[in-house]
Each structure stands twice: as structure tokens, then as C-alpha cells.
Amino acid sequence: MEPIDALERGRASYAARSWGDAYNALGQAEGERLLDPPDLELLATAAYMLGRDDEWMAVLERAHRRYADAGNRSRAAYCAGWIGVNHMLRGELGPATGWLGRAQRLLENEGDCVERGYALIPDVFRNAAAGDWEAAATSAGEAAVIGARFGDADLFALATHAQGQMLATGGRVAEGLALLDEAMVALTTSELTPIVSGLVYCGVILACQEVYEVRRAREWTTALSRWCDGQSDLVAFTGRCLVHRAEILQLAGDWNDALLEARRAGERLAAGFNQAAAADALYRQAELHRLRGELPEAELGYQEASRLGLEPQPGLALLRLSQGRGETAAATIHRVLGETTVPHRRAGLLAAAVEILLAMGQVDAAARACAELEGLAAEIGSELLRGTASHARGAVELAESKPARALVSLRRALETWHALGAPYEEARSRELVGRACGAQGDDDSATLELTAARRAYEELGAAHDLGRLDRSGADARLSTAHGLSPRELEVLRLVASGKTNKAIAEQLVLSARTVDRHVSNIFAKLDVSSRAAATAYAYEHDLV
């Protein structure tokens, strides 16, 4: 039996999506003889999937030259277009312009061909960069028509997803989502090339998250994870996939896993050229640190995200509020809102603005921000955004001393959070429900709601929110003997039994940081400075 040569091994490995083996075998074949251009494209793709962007472009350039030498001008233009787009996304304007111009010249006398559709893709990026979403969507739509006419599944899926993303970003959310769904159908029912498959997966998920379409984002993130896991040695797209997973895990309340995924994403993306994705990973880490009360780590994360070109808002403004710098937070959120016109981006900023302005006592300004948020929620049609707007309205009504009306808004928000499986958002709304009940003299209901909110914060590790509860005395009505909350009394009894903080955390299923904070609060409230003194106090006052 004759041994299989390197080229056949490379092709077989490519078909099996075993990228390391494909790259090595095809590289060996190229060294033994000059590969035909289609096989060079396979080698280039293997390099890309291994995260070797520079090699991908170098090999694709060789394929471009060999196509041109063979007189295949349309395929030479195809390769030139991909090289130009990659330079464009890196911000390398000179090489991008040169390669895209070459692609256009190669197509001048080629008549009607599918490559003319690919040549429209750079126009999508140019128009999007200028904020002209309609023009970007139009270019993408024209490319999709060409893809459909020539039966090119890659072009059709790539262009349809781009058109959907541009429409959704420009405010035509329902139309955009319908096109994104169509692109995903094309992805799951057609045999797309690996690079286009990854681009469509990531583009659709990003578009869904930008317009707060949580259910679709969850579904497609799970599908993307399966797609990535099924490919040996895959590096490309895995960093962005981890960022998406971190966002989904955060919403689901799995903060520890979310932080791990965001860190893995940051490490994987740090060595690549996708600085935008790397900045997103750093921002996600900063957000999780802020929620966990780890403010120095959050500060560093926002700074690093900013260094990579991301405006770290509204997270940084909310961090300033947590640091007691409310005036700075308010000035920042006003400034960013003044610069932001894209509807879905304003929505995220407005939710933060309501929180910051209420904390600063600017109730009228918060009410105006809330009204705009409600309008955008109705316009965009997102379930998550409607829940966010209902929570904001309840917070404003509570600040306006309208607790009965606040309860209606907050109950509506709670329904949304429960349906979406968003425990942190649910706890925040329950905290406000507890305050509204207390304002109407319903102490029993207030106790139930505030206890539930505190317990959820503890389980999540939401140190920032626990600290706010402690500082505000919102659940002072929950106080038991000697000013201790029910949870603090529970911790005191375990301290008195001789258990360490670590053992207490394990028994109560809390983080060690949360137990440390409870013990510190107990010491402060009982005016003691040691575990032995706390234990003695507990026995002296019949607390055990």
C-alpha cells in the first residue's frame, strides 16, 4: 500500500477540521512542490484557524499571484479583497486601499461574477465606520442578492448577516433580527467555509447582544461553543466566543465562571490583532470586579480597555459612583450621552444615568432619562430592555414618594428577570420592592423581599450591593438582637461554635469574602475586636 502523500493528508485533515495537521501537511506539500492556488487557499485557511493571521495573509498573497499568473482574474480579485479587508480591520489604511484597489481593477473586464458581490463587502465596513447604517445595509443587501443569484452560500450568509447587523444597529431592529435569523439558517443548513462560518457566528451574536436580544444570543453562543469544540487546535474565534460566554454567564449569575472565561478570552486575544475583542474582554472583567466590590481591579480593567480604544462606559461612571465620586459619575454619564446617537448604545447609558442621577438626588433629570429609556425599549422591542426600563421607572417612582406606583413597575421588571433567568437583576428589583413595601407600612412583605435580595447578593458575591444595603440601612427592619441581621446572627452562632470563616462559607454556601464582611460587621455592631470576644458576647446575651 502506497503511503498517502502530504497533499492528500493535508486535504483530509482540512476536511476533518484538524487544523494543526492540515497546516503541517499542506506546508510540507508546498515545500515539496508549488501547490495549485485552491490548495494554497486551504493552507491559508488552516493558518487563519490556528490564529496565524500574518501567515494567512502571506499564503493568500501567494494564491493571489498564482491565480493572476494563470489568468484567473476573478479568483485573484477574491484573494486580494480578503487581504484588503483584513488590513482595513487592522486600521492599516495604506495596504488596505492598495489591495482593495487591485481587486477592483482585476474585476473591471470580468463581466458579471460572484466576486463582484465580495467586492461590495468593504463598502459595508466603510459606511458603518462613517455611521451611515442605511448605506451599509444597502451595500450588504446588494451583495446578498449576488450571492443568491450565483448560489454562493458563503457570500449570501456573510452579506445577509451584515445587512441584518447594519439594520439593527441603525434602529430597524425587527428587520435586522429577521435577516440575522436567515443568515444563521444558511449557516446551519449549508456547507460554509470555516472562516465565513466563524465570522457569521460571531457577527450574529454580537448584533444580538448589542440590541439586548438575550435569548438569541444564548442560543447562538451555545452553538458557537459546540462549533469551536469540534475543531482540533482551533484558535481563531475562540477568544471572541469566550467573551460572549462570559456575558451570558454574567447574566445567569455565574460570576466566577464568567470572570474565568473573560480572563481566558483576554489572554487568547492579547496576542492577536483584534484589539476591539481584547478590549471587550477587559471591560467584561472590569464589570465583574466592580459588581463583586473589587474596585481596584475594576479600575485597572477599565483603564486597560480604554488603552485598547474602548470607551469604558457606563462601567467606569458606575465605578466612580461606588467610590463616592457621584459628581464625577454624573458629569461623565452626561458627557457620554451627549456624544452617543446610536439608539441601543444610548439605552445602556440611560439605565446607568438613572441610577447615578437618583443617587445624586437629581430626581427630575433621572425621570427624563427614564422616559427616554422607556421609549427606546419600546422601539427596540427587547425583553431585557423592557425589564431594565421597568426597573428604572420603579426606582424613579420610589424616589418621587410614589411607592404604590413603583410596585407596579417593579413587579413588571421582576417578571422579566425571572423569565430571562437573571438573578442579579431580580435581586436589585426585589430590593426596591422591599423598600416600596416598607414605605407603605407593610413590614412583613418588606422583610420577605429584602431578605431575598440580601440572600441573592450573598450567593452571587455582590459585595457592592451588600455594602449599599449595609450603608443605607434599607433592611434595618430585618435587624434582630443587638442590631444584627438574620444572616449576621447565623454567622455569629457559627463563630461561637468554633468554626473558621472558611468552614462557615462552605456551610452557608457563601464566598469567603462575604463571610469576612459579615464577621467585620458583627465586630463593629457588637463593639468587639476578636472572635473570642464575639463568642463571649454571644453567650452572655443568649444569642446562641
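How many helices and strands does the chain have?

1. The model discussed here is predicted. Its chain contains 30 helices and 0 strands. The C-alpha trace spans about 95 × 55 × 35 Å along its principal axes.

2. Some totals describe the chain as a whole. Of its 544 residues, 56% are buried. The accessible surface amounts to about 23,500 Å², and carbon and sulfur atoms account for 51% of that area. When contacts between residues at least 6 apart in sequence are considered, 58% of them join residues at least 24 apart.

3. Two helix pairs are described below. Packed helices of this kind are characterised by the angle between their axes and the distance between the axes.

4. The pair formed by α1 and α2 comprises residues 6-15 and residues 19-32, respectively. Their axes lie 8 Å apart, and the packing angle is about 155°. Since angles over 145 degrees count as roughly antiparallel, α1 and α2 are therefore roughly antiparallel to each other. Their crossing is left-handed.

5. On the α1 side, the residues that meet α2 are Ala6, Leu7, Arg9, Gly10, Arg11, Ser13 and Tyr14. Their counterparts in α2 are Trp19, Asp21, Ala22, Ala25, Leu26, Gln28, Ala29 and Glu32. By class, the residues of this contact between α1 and α2 comprise 8 nonpolar, 3 polar and 4 charged.

6. The pair formed by α22 (residues 383-399) and α23 (residues 403-420) has axes that come within 8 Å and cross at roughly 155°. That angle makes α22 roughly antiparallel to α23. The crossing of α22 past α23 is left-handed.

7. Helix α22 contributes several residues to its contact with α23, including Glu383, Leu384, Gly387, Ser390, His391 and Leu398. The residues of the contact of α22 with α23 fall into 10 nonpolar, 7 polar and 5 charged.

8. Is serine 390 buried or exposed? Serine 390, which is located in helix α22, has a relative accessible area of 8% and is buried, because buried means under 20% relative accessible area.

9. Leaving aside residues up to four places away in sequence, serine 390 touches Ser409, Leu410, Arg412 and Ala413. Serine 390 and serine 409 are 19 residues apart in sequence, while their C-alpha atoms are 5.2 Å apart in space.

Note on methods. Residues are numbered from 1 along each chain as its sequence is written. This is a predicted model: local features need pLDDT of at least 70, side-chain atom pairs count only at pLDDT 80 or more; totals for chains, interfaces and linings use all residues. Side-chain values use heavy atoms; hydrogens and water are left out. Axes are lines fitted to C-alpha atoms, for helices over the stretch in contact, and angles run from 0 to 180 degrees between N-to-C directions. Helices (H or I, at least four residues) and strands (E, at least two) are DSSP runs, numbered from the N terminus. Angles under 35 degrees count as roughly parallel, over 145 as roughly antiparallel, 65 to 115 as roughly perpendicular and the rest as oblique. A crossing is left-handed if the near helix is turned anticlockwise from the far one by less than a right angle, and right-handed if clockwise. Contact means heavy atoms within 4.5 Å. Ala, Val, Leu, Ile, Met, Phe, Trp, Tyr, Cys and Pro count as nonpolar, Asp, Glu, Lys and Arg as charged, and the others, Gly among them, as polar. Buried means under 20% relative accessible area, exposed over 50%, partly exposed in between (1.4 Å probe, protein chains only). Accessible areas come from the Shrake-Rupley method with a 1.4 Å probe; for residues, only the protein chains shown count as cover.
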